[in-house]
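Reader: I would like to learn how to read sheets, pockets and cores from coordinates. Could we take them one at a time?

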Amino acid sequence: MERQLYPITVMRNALLLLIVVLLNNFSFTAHGQNIDFGKSYINVTKGSNGGTVEPGDTLEIRASFVVRSGTYDSCGYFDAVPAGTAFIPGTIRVLTNEGKIYKQFTDAYGDDCGWISISNIRINLGYVASAAPATAFRRGRVVNTHKPSFYGSTCIMVASFRVRVTAAYGTTISIGGGSMTYKQGASTIQTFNFPAKTVMVYQNFGICPNSVGTNSLGTEFNGTFGSGQPRNRGSSANVPVGYTYQVFTTNAPNDYSYGVVNNTSTRTAYTTSDTWPKPDPDPDGAGPLTTHRVFQVWDIIGDHTGAISPTVGNPAADTVANPNAGYMLVINAAYRIDSAFQHTISGLCPNTYYEISCWMRNICSKCGCDSNGVGATGGAGYIPTAPGDSAGVRPNITFEVDGIDYYTTGNILYTGQWVKKGFTFLTAPSQTSFTLKFFNNAPGGGGNDWALDDISVATCSPNLQFFPSPNPTVCYGNPVYISATVKCFFNNYVYYKWQKSTDNGATWTDDGAPGGPASPAWSGTDWQYTVNYPPFVPALSDSGTKYRLVIATTLSNLSNPSCSFSESTVITLHVLDCSDPLAVQFLSFNGSLNGTVAQLKWSTTQETGPVSFAVERSSDGVAFTAIGTVSGYNNSSGINNYSFDDNNVNTDVVYYRIKMIAGQSIKFSRIIRLSKSSTQQNLQFTRLINPFDQLLQFEIISSKTGKAEIELVRLDGKVAKKKALWLAAGYNAIEVSNTSQLTPGIYCLQLKMDEVRTQKLVMKK
């Protein structure tokens, strides 16, 4: 970002600009010339949300031609429509660096300065009538004082056209290449050829829908840039030579420069407040060098790491009182499409989805400079980019993996807040590393200033749901049935193994041979499959044994702790000696929901000894927590009636059960389900063992008691199995037996009760 706010600032910036050297192939400076070039693209379809490039997306190809000083003739832009795209008619244009249309051309040759011939694009540049302007038949003259102007001293033109992506997923598009021509005085015409640039057509999953694992970035304090007391931390080895490290002061970091700081105020007028005006006037009358704000307009902020509000971020650090404030990377990008951060990440897992993300912030709301050269802080006549928007060039960042563009952030609007940007990347079947780069993707001049923090490369983790509850209690001598349902937005965690621990989770051993690949079924929200642990009869010594399911994307990943996944919640078995079983029986258990109060009632048969009742509540019908205790009447004759009110119901649906306790013996009531909303589904499948083989097992939640019918229907409409049953309000465990002879394939499991029907697809192995 350059600024022209005061004469001293202008002269200083002009001197700095004159010593810019050739740092990479996006810039050219020689023989006293002062010219910059840059080529990028905007994903118009994804807009400011950002995303990957997908079939059907509209891309705007942009080529910047920047004249800092001097006069250049024979200025022209030459390019071709990339293979894998289709040209969109009526989109040949010259834009300002803010993306506003400066000149619009037809597609035809001969009527104006731009046209397309077959797939070749040409735009003749230079449009000042008194200075050898371009025509349909010749290239024109561009002077640094021409429009579109940057404060009257630099001319920035962006030649552009739009295409629609026709390539399929998994293929690449080359949006590099093309050239600019120019000459100075009597010298020969020179050509600048844009380098190659490849874009992957890739499905846009966004960031991980599930939770994410450990950050694998492994550099710059794992993407946080560390912490400390000095305001300026020092340079970063992950910022390439295209950017120069500078400490924060009145007019720095300048174009093509960066800093690593915990407070973005100036060195000469240190502050922790962001309430100063924009532009910030000289606080002591000594001139603009003592302004609180860099360029008198940048935000004064702190970093993002550990902020109470992830969008607000941390305030600017008090570098006197705070000995350990967090740092962030701040970039002043300009015309070249330079890499602002890069690192090779190793130790990755093959065939695994990773969320590649970071937090970013546009740090300047008053950095715009319109095509007339009027700045946002320069008084009347300024033309904003959009109503109320004087931020100027919005940052737009490309994420590159192993030399190929996979994602762009879209234009990051000025909101005064941090925003998370990122996408989900799938490693190849044997890939264990990749090189990640963040590229500036927007032309500079008036804006394009941004902060970067909390870079992350982390696995997209699945979710596991255990059955029965994580802490089941069983009687010695009775069989135990354990299972786990794997749920993931991606269907690649298909290998699994059971493990158990007899030392309270300190060590785990494999229990049985690994399994997989499983065949997940799409539930409408995620991919799911269920894994059953072999049924067993526990001994009293098995009490306290823990069980967990480990899953991975490949068989070899199962044995790699860094590439396998297991839920922190595990099954802990509690085995009781139930040799003296409870004689007392539950006769009924029901309840009603009135606002936030659940009124529960139950009755028992005669109680021959002391009993008590623990009332347990659950939000999902799986994990229950005790919320109260009711003492028994110890009445040895007749029926005993009890009630309990739960006054703290804060969910639409809630589940209850009663645990009857007599000494070391326990007995559970059935589970009931209460709902606040009358629109809740009356019938619902849950805990479905899918796929199935010899036995189809599942549970049904019913909102009322009554007759029902189960049918297992083939895809051709023929009924393979039918069963009549009686459902109680709440949970009902159901089995459809003798299914081993059914033909393997997909079936529709249908449940009918009165006029209500529900169904679910199941798979026979």
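Reader: How many bridges join S41 to strand S42?

Author: This is a predicted model, in which local features need pLDDT of at least 70 and side-chain atom pairs count only at pLDDT 80 or more, while totals for chains, interfaces and linings use all residues. Residues are numbered from 1 along each chain as its sequence is written, and side-chain values use heavy atoms, with hydrogens and water left out. Strands are DSSP runs of E with at least two residues, numbered from the N terminus, and two of them pair if DSSP finds at least two bridges between them. Here eight bridges join S41 to S42 (residues 597-604), and these strands run antiparallel; Ser588, for example, stands opposite Ser603 in S42.

Reader: Which strands form the open sheet, and in what order?

Author: The order is S41-S42-S45, three strands with antiparallel pairing. Strand S41 (586-594) and strand S45 (640-646) are the edges, each pairing on one side only.

Reader: Is strand S53 largely enclosed or open?

Author: Burial is read from relative accessible area, with a 1.4 Å probe and protein chains only: buried means under 20%, exposed over 50%, and partly exposed in between. Because five of the seven residues of S53 (residues 730-736) are buried, this strand is largely enclosed by the rest of the structure. Seven bridges join S53 to strand S50 (residues 696-702) in an antiparallel arrangement, and Phe698 has Ile734 in S53 as its bridge partner.

Reader: How much space lies in the second largest pocket, and which residues lie nearest its centre?

Author: Rolling a probe the size of a water molecule over the atoms shows where empty space is left. A pocket is an open set of points on a 1 Å grid over the protein atoms alone, where a 1.4 Å probe fits and protein lies on both sides within 12 Å along at least five of seven lines; lining residues have an atom within 4 Å of a point. The volume, the space filled by probe spheres set on the points, is about 740 Å³ for the second largest pocket. Its lining has 33 residues, with Lys487, Ser523, Gln528, Leu688 and Lys760 nearest the centre, and S55 supplies the largest share, five residues.

Reader: Which residues touch the most other members of the largest nonpolar core?

Author: In soluble globular proteins, nonpolar side chains tend to be buried together. A nonpolar core is a set of buried Ala, Val, Leu, Ile, Met, Phe, Trp, Tyr and Cys residues joined through side-chain atoms within 4.5 Å. In this core of 40 residues they are Phe65, Tyr77, Ile123, Leu125, Phe161 and Met180, and S12 gives the most, with six residues.

Notes: Helix = DSSP H or I, 4+ residues; strand = E, 2+ residues; numbered from the N terminus.
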